[in-house]
Structure formats: structure tokens, C-alpha cells
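Hi there,

Here is the structure I promised to pass on.

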Amino acid sequence: MRKAKPKKRVILPDPKFGDVLVTQFVNNLMVDGKKSTAFTILYDALDIVNEKAEKEGKPALEYFKKALENITPSVEVKSRRVGGATFQVPTEIRPDRKVSISIKNMILFSRKRSGHSMAEKLAAEIIAAYNNEGAAFKKKEDMHKMAEANRAFAHFRF
């Protein structure tokens, strides 16, 4: 390669929980540079989740992390042209990309949900993901099924 790889930027932990994952989530949730609004949405969603989580005796942040873990895919398929034919080749995903995919899926499917505020929609998606259900979990399952179906083409991995 001609150019050096760009350095990873250091993400500072969020003010309330002191967690880097929360900041990463907020950075993806943010629209038009409105970070404080994104923080408000996430904190409100975690407050809604906290009301439900108190019954189980777990903090909202733990609930949130478990939900993200449940929708994190381990394999994905990439298109690869071999001799005029295009194959869907299953490949392992890097750990940092896994987290990024799960965060983006949760935000995408939260936005698609019906509800009043984004905080309510996000809270509903977090609870659904925690219980291994919801659209984001289904997306992960579909990705794994696709990779399993195309396992025969794994030798085309690059």
C-alpha cells in the first residue's frame, strides 16, 4: 500500500456512565452534529429501560450491553467474482466492525419502529434485542443463515 493506515481516533467515555461504548453509540445516533440531543435520546431510552430492568435487578447499562451483544453478528457474506460468476462468500468479521454493525442495526431498526419519541422507539428496540427478538436480532439471524447457506464457497475467501 502506498499510504499508511489512518490512526484510530480515541473516543472519550460519556459523562454519565463513563463508558466508551455509549459514546460510540451516541456518535452513530447523532444527526447533523447534534450530540447533546443524541445523548438526551439515549439517556431517556435507558431511563425507560431502567424501569423495566429494575424488576430483574440489573442496571440499564448492563441491559443495553447485553442487547447489543445479542444482535452482534459473527460472520457476514461478501460478494466475490470468480470466473464470471458472483459468489456470496462467508467471512469472519473484525471485532470493531462487529460492534459497529450491531450499533448501526439497532439505530436503523429503532428509527423504523412506530412510536412517539425516538427515546421510546430505542428503548423498545433495546428490550426486544435483550429478549432475542425484534428486527435487529432478525437481521443478525438472516446474516448467519446466509453465511451458513453459502459455506460451500468459503474456500474463495480473500
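Below are my notes on a helix contact and on some aromatic rings.

A word on the basis: this is a predicted model, in which local features need pLDDT of at least 70, side-chain atom pairs count only at pLDDT 80 or more, and totals for chains, interfaces and linings use all residues. Residues are numbered from 1 along each chain as its sequence is written, and side-chain values use heavy atoms, with hydrogens and water left out.

Let's start with the helices (DSSP runs of H or I, at least four residues, numbered from the N terminus). The axes of α3 (residues 60–70) and α4 (residues 95–112) come within 9 Å and cross at roughly 105°; these axes are lines fitted to C-alpha atoms over the stretch in contact, with angles from 0 to 180 degrees between N-to-C directions. The two helices are therefore roughly perpendicular (65 to 115 degrees). On the α3 side, F64, A67 and L68 meet S102, I103 and M106 of α4 (contact means heavy atoms within 4.5 Å).

Now the rings: there are 5 aromatic pairs (Phe, Tyr or Trp, the last by its six-membered ring, with centres within 6.5 Å). In one of them, Y63 and Y130 have ring centres 3.8 Å apart and planes at 15°, so they are stacked (planes under 30 degrees apart). Y63 belongs to α3 and Y130 to α5 (residues 118–130), so this pair ties together parts 67 residues apart in sequence. Ring pairs also link F17, F39 and Y43 into a cluster.

Best wishes

Technical notes:
Parallel < 35°, antiparallel > 145°, perpendicular 65-115°, else oblique. Phe/Tyr/Trp six-rings, centres within 6.5 Å; stacked < 30°, edge-to-face > 60°.
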